[in-house]
Amino acid sequence: MNGNFPRHDGTIGQLPKDAKGKFSYNFMNTDAIWGGFWNLTQLWALSYPTHYSDFVHTQLEIYKERGWFGDGIANSNFVSGVGTNFVGLAISGAYQAGIRDYDLNLAYEAVMGNELGYQNRLVGSGKMDTKSFITKGYVPFLDADKTDSTGSHFSGSHTLEYSYSAFAAAQFAKRLGKTTDYQKMIQLSDGWKNIFDSGLKLVHPKKEDGTFISKFDPLEAWRGFQEGNATQYTFYVPQNPKSLISEIGEKTFNVRLNEIFETSRKNAFGGGKTIDAFAGIQSLYNHGNQPNLHISWLFNYSSAPWLTQKWTRAICDEFYGTESIHGYGYGQDEDQGQLGSWYVMSSLGLFDVKGLTDFRPTIQLGSPVFDQSVITLGNGKLLTIKAENNSNENVFVQSASWNGKVLNQAWLYRDLLMQGGTLILKMGNKPNKNWGVKVPPPSVQ
């Protein structure tokens with residue numbers, strides 16, 4: 001590339017160069033980063049931090065040119081996205097993962113503006129209903145298929161998404177010692193509670209007057225929920241799984257989610273063996289689309305880590321394949337490597353439900369597909385993961401050690417993992433229901 005890119009006013013911009021005259025990063029065209037925090041950014045942060053840095057620099061250049069992040073970007077222009085915007089969350093995650101080679105003050109300004117700004121917000125930046133979320137604590141449902149300052153037809157999913165991204169901004173603020181901003185954003189991160197129906201134990205879109213919408217079908221897609229339904233989106237509280245589990249009840253949570261996977265397994269964990277990006281959006285679970293990609297990891301937070309081991313391994317083995325028809329999964333809403341990146345992380349037995357947004361991110365542990373993996377981390381150190389006695393049947397962790405010390409929990413702080421070393425998981429064909437239960441991953445930091 002020559003480093004030139006078109007500005008919105010028709011003039012030509014130039015990417016920044018370093019002291020030697022080389023371009024300091026690669027300008028990155030991106031689809032919406034919608035769901036990318038459960039696959040792409042985790043893989044980038046693990047072994048390809050320059051990719052993540054390129055993403056951040058690209059988005060900050062867009063922000064400098066437009067005053068807003070873009071929902072989707074092509075040649076610096078706003079292009080079709082999903083109507084929301086997770087760029088701020090992804091940048092917050094980059095900072096928490098130690099990727100900080102950019103103008104920090106600019107990044108923070110842009111992240112907060114993305115969460116709170118609504119005056120003169122440009123079409124193409126997404127989140128056109130930001131005002132309603134900030135003022136009411138949830139996005140009101142609109143019957144019409146539109147999104148504006150008063151609400152959205154996708155009000156349920158937007159409320160959940162904005163709650164999550166508010167949490168990411170809160171943790172960013174906390175890291176920078178901005179207490180007032182932290183308190184405001186952490187309060188907004190509880191917005192999902194405003195649409196939680198305690199009777200149904202489901203998220204349920206509300207109208208502007210605060211009442212739940214009528215004629216509610218938990219499996220109906222596109223009404224209140226973008227590319228999904230209420231059953232799927234109820235689990236979309238990655239910023240505080242413990243609170244969601246408490247609202248539902250731990251036993252009910254585990255039974256319901258396990259039954260969802262038992263049923264969805266019969267249909268290839270989504271919409272069946274069909275090449276259709278939207279085939280599974282009316283199913284109980286849909287691995288072929290981004291909103292569901294963290295759900296199988298939630299059992300680590302609900303005192304049943306063996307179910308995370310069982311279902312993440314089953315998805316790796318059965319949803320994905322080697323033949324061309326579904327090389328990176330059935331459904332094929334791949335979105336720039338997201339389904340493939342999920343497989344890479346989960347097949348290693350590593351994942352973060354929070355998308356690296358915590359004040360001190362953790363990595364939760366699952367069931368590695370491979371007997372041994374050696375990963376060159378982004379800092380040049382080596383991480384070795386050994387699954388002893390591993391097989392197609394032996395998918396359950398019996399015990400674990402980290403650098404020679406007994407590990408009794410199904411997670412590690414990410415900064416410790418990134419120091420390199422050896423993780424050993426001893427596997428068996430029956431769950432060890434005592435391992436990984438006593439100390440769940442931190443839910444709120």
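Thr384 counts as buried, at 14% relative accessibility; here buried means under 20% relative accessible area, exposed over 50%, and partly exposed in between (1.4 Å probe, protein chains only). Before going further, a word on the model: it is predicted, so local features need pLDDT of at least 70 and side-chain atom pairs count only at pLDDT 80 or more, while totals for chains, interfaces and linings use all residues. Residues are numbered from 1 along each chain as its sequence is written, and side-chain values use heavy atoms, with hydrogens and water left out.

Thr384 lies in strand β12, and so does Lys386, the strand covering residues 382–388. Helices (H or I, at least four residues) and strands (E, at least two) are DSSP runs, numbered from the N terminus. Not counting residues up to four places away in sequence, Thr384 touches Gln372, Ser373, Val374, Gly421, Thr422 and Leu423, where contact means heavy atoms within 4.5 Å. Lys386 is partly exposed, with a relative accessible area of 31%. With its neighbours within four places set aside, Lys386 is in contact with Asp371, Gln372, Thr422, Leu423, Ile424 and Leu425. The C-alpha atoms of Lys386 and Met427 are separated by 9.9 Å, although these residues are 41 apart along the chain.

The view now widens to the whole chain. Its secondary structure comes to 13 helices and 16 strands. The radius of gyration is 21 Å, close to the 22 Å that the globule rule gives for 445 residues, so the chain is as compact as a globular protein of that length. For this comparison, the radius is taken over C-alpha atoms, and the rule is 2.2 Å times the number of residues to the power 0.38. Along its principal axes the C-alpha trace spans about 60 × 60 × 45 Å. Of the 445 residues, 59% are buried, and among contacts with a separation of 6 or more, 66% join residues 24 or more positions apart.

In soluble globular proteins, nonpolar side chains tend to be buried together. Leu60 is in contact with Phe69, Ile91, Tyr102, Asp103, Leu106, Ala107 and Ala110, leaving aside its neighbours within four places in sequence.

Helix α1 (residues 40–47) is mostly covered, with eight of its eight residues buried.

Asp145 is found in the loop between α5 (130–136) and β5 (147–148). At 66% relative accessibility, Asp145 counts as exposed. Leaving aside its neighbours within four places in sequence, Asp145 is in contact with His153 and Phe154. The C-alpha atoms of Asp145 and Trp222, 77 residues apart along the chain, are separated by 9.2 Å.
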